[in-house]
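I am opening a notebook on this structure. I will start with the strands and end with the ligand.

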Amino acid sequence: MATFKLIGRVGLLKISSPPVNALGLAVRKGIVDGIAQAEKAGAKALVLAGDGVTFPAGADIAEFATGGHRTQPTLGEVIERLDKASMPTVAAMHGTALGGGLEVALACHWRVMSKAAKCGLPEVHLGLLPGAGGTQRLPRLIGCAPAIKIMTSGAPLGAAEAAKLGLADEVVAAVDGEGVAEAAVGFAEALADGVDPSRVVSARPLEVEGGVEAFFGAAREGARKAAKGELAPLLIVDAVRAAAEAPSFEAGLSRESELFAQLAAGPEARALQHVFFAERQISKVVGVDAPPRPIESAAVIGAGTMGGGIAMCFANKGIPVTLVDKSPEALETRIGGIRAAYEANVAKGKLSEDKLGARMRCISTATSLDDPACSTADLYVEAVFERLELKKAIFKELDAIAKPGALLCTNTSTLDIDKIASATSRPQDVCGTHFFSPANIMPLLENVRGSASSGETLATVMAMGKKLGKKAVLAGNCFGFIGNRMIEGYCRESYFLLEEGCVPRDVDAPVRALGLAMGPLQMQDLAGIDIGYNIRKDQPDLYGPADRYPLLADRIAEAGRLGQKTKAGWYDYAAGRNPVDDPWVADFIEKFSAEQGVTRRAISAEEVLDRCMLPMVNEGFKCLEEGIAQRESDIDIVFLYGYGFPRRLGGPMHWARHIREGGLPKLAADLQRYGAEHPNGTYWTPSALLLEEAAVAAEAEAAPEPAAATA
Ligand code: T1G
């Protein structure tokens with residue numbers, strides 16, 4: 001896990017623990033042994049380097065769940081050993097020196113960094129703070145303000161910026177670990193003998209610009225505003241304040257440890273670490289190990305808003321894409337819209353003129369599918385109106401012109417993939433690619449497997465999603481796939497709550513208080529109330545005998561109030577995009593309730609939240625038991641990246657299991673109680689898997705605590 005060798009008079013300690021040299025127990029032991037070997041060999045200096053792709057990218061996150069990070073030597077002890085090394089130490093940073101990896105480097109006397117490397121302290125993304133001295137050393141090295149910015153943003157720094165801040169002492173041209181290690185050994189060779197005390201970061205004084213109270217008061221307020229309700233950014237500021245106020249470095253360290261332990265034990269850290277691993281699981285397709293086909297060109301059929309956004313996704317990654325529409329005017333309008341979107345980013349300084357030009361050069365147009373620019377594509381995404389017959393006609397045409405092995409994808413959000421695939425002779429090459437709108441901005445992509453989709457097709461479309469920079473989740477073929485299927489009950493209950501006594505804000509406020517970016521009614525105003533209306537009209541069989549029809553939602557649409565696009569929906573938008581309560585809507589709902597013979601009542605925020613969220617979670621368990629979702633954590637990713645669910649809650653499934661009071665046992669009981677009181681739809685019928693999981697959780701809760709191990 002760490003090998004030591006003497007090169008001339010310089011010791012080289014190479015850490016090797018693929019894939020990212022995480023600082024797990026074996027690595028920590030290797031470093032301590034390596035330092036001892038260097039001292040025993042009388043090395044003039046010691047270089048720490050990473051084998052493979054990177055310098056250590058942090059503590060081993062997987063250890064937190066088991067408490068393994070507390071097994072000695074802890075990272076703090078390793079770093080303290082470095083701090084007290086009897087010879088100059090040099091960190092040779094390449095790849096991504098992150099978290100505990102950078103904290104190790106901060107405890108070294110010198111830092112040599114590859115020009116291509118990045119470094120940073122991203123613990124905040126895990127609900128943590130740098131717990132191995134980072135909050136105490138970084139401010140001493142570069143000052144409190146830049147240190148707080150680096151730790152609360154968690155953003156990585158490039159080598160130039162690191163050098164400018166004084167974080168990197170030498171930037172070298174080498175990019176790979178070998179080259180950077182060699183350069184660092186040369187750097188160490190040239191060092192004077194012995195440790196220069198000024199290089200010991202922990203011994204450096206810490207100045208605070210403008211006085212402690214004023215500086216940290218402002219810093220904490222700034223962190224609170226940016227934190228989106230998360231605790232870690234605030235405690236990072238507190239830890240840096242301890243560095244400024246504590247009577248000694250050691251006292252500051254112990255305060256850092258207290259704050260780290262507080263975060264590590266909290267629900268937020270558990271949720272954010274769940275998200276970290278969940279994001280890395282989505283690309284793994286269970287039971288498929290076929291290699292993906294290369295996608296070097298694409299064609300998007302339909303120059304509407306979605307088609308334009310999807311074309312941009314390919315152009316943004318330099319993949320040539322042909323936008324196809326039989327209307328030259330539609331093509332012209334869309335290309336103009338795409339250019340304008342890029343120009344807006346140039347104006348904001350987010351895109352260079354060169355990049356704008358490169359992206360526009362990636363996009364060509366065609367007015368027919370058999371145009372050579374279109375018929376040679378590796379992959380097609382159909383993005384025309386949500387009409388089954390129209391899509392089938394297009395797939396029939398695509399089947400006739402596309403080359404063998406080309407992927408035929410549909411951007412449908414509600415139609416049956418198998419019915420679309422039935423229009424072709426190659427259903428094995430057909431799948432769904434449900435881009436969330438706006439396609440060039442929203443990170444979520446639901447790839448939908450048809451019953452005939454081949455393993456290679458699935459591997460290819462998942463690899464494509466990753467190449468486009470999307471969070472691509474694989475879904476099975478059902479109405480609404482994963483996300484829209486799960487919000488069906490969430491939305492329908494919102495209408496019934498209005499009918500029974502709420503006004504829109506009564507429904508949205510508890511959901512926003514949970515942390516979602518917006519509640520169900522505001523979300524519908526954003527997307528357009530006509531979308532649900534058209535689906536209900538086009539697919540009446542969506543509502544079975546057990547499903548109470550949401551007549552109120554039809555009525556508001558038929559009143560011409562479609563949401564933001566008509567400046568009025570469940571809220572008033574005459575003044576802009578912010579929802580304003582509209583007395584007309586309250587009156588409209590009250591009249592509807594009277595017409596339905598419903599006596600309106602005050603409904604608690606708790607009932608509102610339960611009746612929105614419980615159907616969502618229940619449907620999630622049904623997606624799992626039907627194989628529509630591969631894993632619970634995939635469902636969480638859908639909601640984090642498609643519906644603004646707060647990361648600090650981990651996603652609806654993590655929230656239901658680990659954060660909502662009473663966990664799954666109480667959730668299952670509440671679901672059955674509400675379902676009995678309001679039998680509005682099959683989304684109240686408990687999932688068998690949910691009941692099973694709730695029983696397992698109840699049993700685990702009732703099991704006696706394991707007896708403490710005797711000495
Ligand atoms: N611990 C354990 N596993 C890790 C890991 C880590 N720190 N980082 C990555 N992995 C696994 C990951 O799960 C995946 O596994 C594989 O490595 C490749 O990752 C005390 C408390 C380094 C930029 O937060 O940002 O130090 O799915 O797909 O896209 O103060 O990984 O293959 O089985 O992401 O090339 C702080 C987290 C930790 C960095 C590489 N460090 N990692 O990206 O590969 S807390 C971090 C990343 C800490 C101290 C604190 C990225 C990456 P699998 P990948 P990538």
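This is a predicted model: local features need pLDDT of at least 70, side-chain atom pairs count only at pLDDT 80 or more; totals for chains, interfaces and linings use all residues.

**Entry 1**

Strand β1 covers residues 2-7 and strand β2 covers residues 10-15. Six bridges join them, and the two run antiparallel.

**Entry 2: the open sheet**

I went on to β5, β7 and β8. These three strands make an open sheet of mixed pairing, in the order β5-β7-β8. Which strands stand at the edges? They are β5 and β8 (157-158); each has a single partner strand, so one side of each has no neighbour in the sheet. Strand β7 spans residues 118-120, runs antiparallel to β8 and is joined to β8 by two bridges. Within that pairing, Lys 118 is opposite Gly 158 of β8.

**Entry 3: backbone exceptions**

- Pro 18 and Pro 19 are joined by a cis peptide bond, with omega about 5 degrees. I place Pro 19 in the loop between β2 and α1 (25-40).
- Gln 72 to Pro 73 is also a cis peptide bond; omega is near -5 degrees. Pro 73 belongs to the loop between β3 (45-50) and α2 (75-83).
- Lys 228 has a positive phi near 50 degrees, and Lys 228 is not a glycine. The loop between α8 (212-226) and α9 (232-245) holds Lys 228.

**Entry 4: domains and records**

I looked up the division of the protein. Domain 1 is 2-264, domain 2 is 298-475, and domain 3 is 483-627 + 661-697. The C-alpha centres of domain 1 and domain 2 are 44 Å apart.

I read 43% helix and 21% strand over residues 298-477, with 23 Å between the end C-alpha atoms. UniProt also places "domain: 3-hydroxyacyl-CoA dehydrogenase C-terminal" at residues 480-573. That span, 480-573, is 59% helix and 0% strand, and its end C-alpha atoms lie 28 Å apart.

**Entry 5: the ligand**

I counted 26 residues around the ligand. Ala 59, Glu 103, Glu 123, Arg 280 and Lys 284 come nearest. By class I get 16 nonpolar, five polar and five charged residues in the shell.

Which elements each supply at least two residues of the shell? I find β5 (96-98), α3 (100-107) and α11 (267-281). The largest share, three residues, comes from α11.

A polar backbone atom of Ile 61 is 2.9 Å from a nitrogen atom of the ligand. For Gly 131, a backbone N or O atom is 2.9 Å from a ligand oxygen atom. For Lys 284, a polar side-chain atom is 2.8 Å from an oxygen atom of the ligand. Last, the area: the ligand taken alone exposes 990 Å², and the protein buries 69% of that.

Technical notes. Residues are numbered from 1 along each chain as its sequence is written. Side-chain values use heavy atoms; hydrogens and water are left out. A residue is near a molecule or strand if one of its heavy atoms lies within 4 Å of it. A polar contact is a pair of N or O atoms within 3.5 Å; within protein, one must be able to donate a hydrogen and the other to accept it, and residues adjacent in sequence count only if both atoms are side-chain atoms. Accessible areas come from the Shrake-Rupley method with a 1.4 Å probe; for residues, only the protein chains shown count as cover. Helices (H or I, at least four residues) and strands (E, at least two) are DSSP runs, numbered from the N terminus. Ala, Val, Leu, Ile, Met, Phe, Trp, Tyr, Cys and Pro count as nonpolar, Asp, Glu, Lys and Arg as charged, and the others, Gly among them, as polar. Domain bounds come from an automatic or database domain assignment. UniProt positions are given in the numbering used here, feature names are shortened, and annotations may be inferred rather than shown by experiment. Two strands pair if DSSP finds at least two bridges between them.
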